[in-house]
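Please look over the model below with this short report beside it.

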Amino acid sequence: MKATMEKKLDIFNPTEDHIALRENVATFAKQSLDSQAKSHDDEERFNLDLFRKLGSELGIFGVTIPQEHGGMGMDPVAAVIIHEELSAYDPGFTLSYLAHEVLFVNNFYFSSNEKQRQKYLSKVLSGEWIAGMGMTEPGAGTDVLGMTTVATRKGDRFVLNGIKQFITNGNTGNVFLIYAKTHKDARRTTSFVVESTFPGFSVGKKEEKMGMRSSPTTQLVFDNMEVPAENLLGSEDGALTHMMRNLEIERITLAAQSLGIAKRCVDIMCDYTIRHREAFGKKLIEFGQIQRLVAESYADFQAARALVYEVASKIHPENRNSLGAASAKLVSTQMAERVSRNAIQVLGGYGYCREYPVERLHRDAILLSIGGGTNEAMQKNIAADLKKIYGTTF
């Protein structure tokens, strides 16, 4: 058995633990996510009970957290595997997982002290508490340095005032990592752990969305909300460093969601054109126009997948790879939109209707080129990094 497992080891499954993780998550996704994805998308309803099973049964909260603190002790490649396999069946549900697991748990752990971990970590790793992160604001968007949420020190507390926009898990979350400014200098940003029960905390409007409809998106409103000073993460005005560090694993897992969407679309296209659909007495795959759409979709998916896993293998809290993460997100999200659109075209009228999931997957894919930094922001970041590299070598 071991020899068989070792033959499978590659960039996508670097260890036997990664292989086992992929098999477990893929089985769970097919058996538990697939059957509920359409109804929860139709009704814009979050599957809270199933979400908690990710912790209580599947045990995939805390994938990048050391085992001695209750996590899985694995790496960003493992996080990519999880997001790829879950997104093949329900990207919206997976987006809520990403907000909990990557935007809060990973960020919180590598920014917190021991007392803070003892207070919050077990609750979010078990799934007892649902978590999220608040960075984006109504007037700032991708410009994170333009945020206007203010934290004012008052003795042993901070008083927060402001609004966060487009917050995943906003109306289901128990705890959030919130960024705020303590000074006028935009780069002097501080992060706090905020509980939804804090006086002055409220949930604003719930967004009606084109895609990712099974994942709730709301405003968070802070009206003279008092936060204990002990809930400050890291140092005052020091949040920008861990904010930027966490963006890399966020972007690579968003890219992994694109992989899951594309993989499912390729599977559906192949099954439909090779095994089922005929026209003029021939299988659909025999027609050149269809061959182009299917072949290019498969090749694009495999190329993006190789980039994402290569970048993921080099991401670490102490090893920055902003150029790789931005490149992987840019390439993968564009690819998923093309592939899911190709799938709709290949399936024709069936692809446009909801009998097949490709129209939902296409709607979901579009969000991935916006969230976690728009593709335009990725292009700007890539260009800036290349200027640094080539500016010093020539």
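## Thr64 and its surroundings

The side chain of Thr64 makes a polar contact with the side chain of Asn106, at 2.6 Å (a polar contact is a pair of N or O atoms within 3.5 Å; within protein, one must be able to donate a hydrogen and the other to accept it, and residues adjacent in sequence count only if both atoms are side-chain atoms). This is a predicted model, in which local features need pLDDT of at least 70 and side-chain atom pairs count only at pLDDT 80 or more, while totals for chains, interfaces and linings use all residues. Residues are numbered from 1 along each chain as its sequence is written, and side-chain values use heavy atoms, with hydrogens and water left out.

Thr64 sits in the loop between helix H3 (48-56) and helix H4 (76-87), where helices (H or I, at least four residues) are DSSP runs numbered from the N terminus. Thr64 counts as buried because its relative accessibility is 9%, buried meaning under 20% relative accessible area with a 1.4 Å probe and protein chains only.

## Helix H5

Helix H5 covers residues 91-109 and bends by about 30° at Leu98, the bend being the angle between axes fitted to the seven residues ending there and the seven starting there. Of the 19 residues of H5, 19 are buried, and Asp90 caps the N-terminal end of H5, with a side-chain oxygen 3.2 Å from the backbone nitrogen of Gly92.

## Helix H9

After H9 comes Gly348, whose phi is positive, near 65°.

Methods
Helices (H or I, at least four residues) and strands (E, at least two) are DSSP runs, numbered from the N terminus. Buried means under 20% relative accessible area, exposed over 50%, partly exposed in between (1.4 Å probe, protein chains only).
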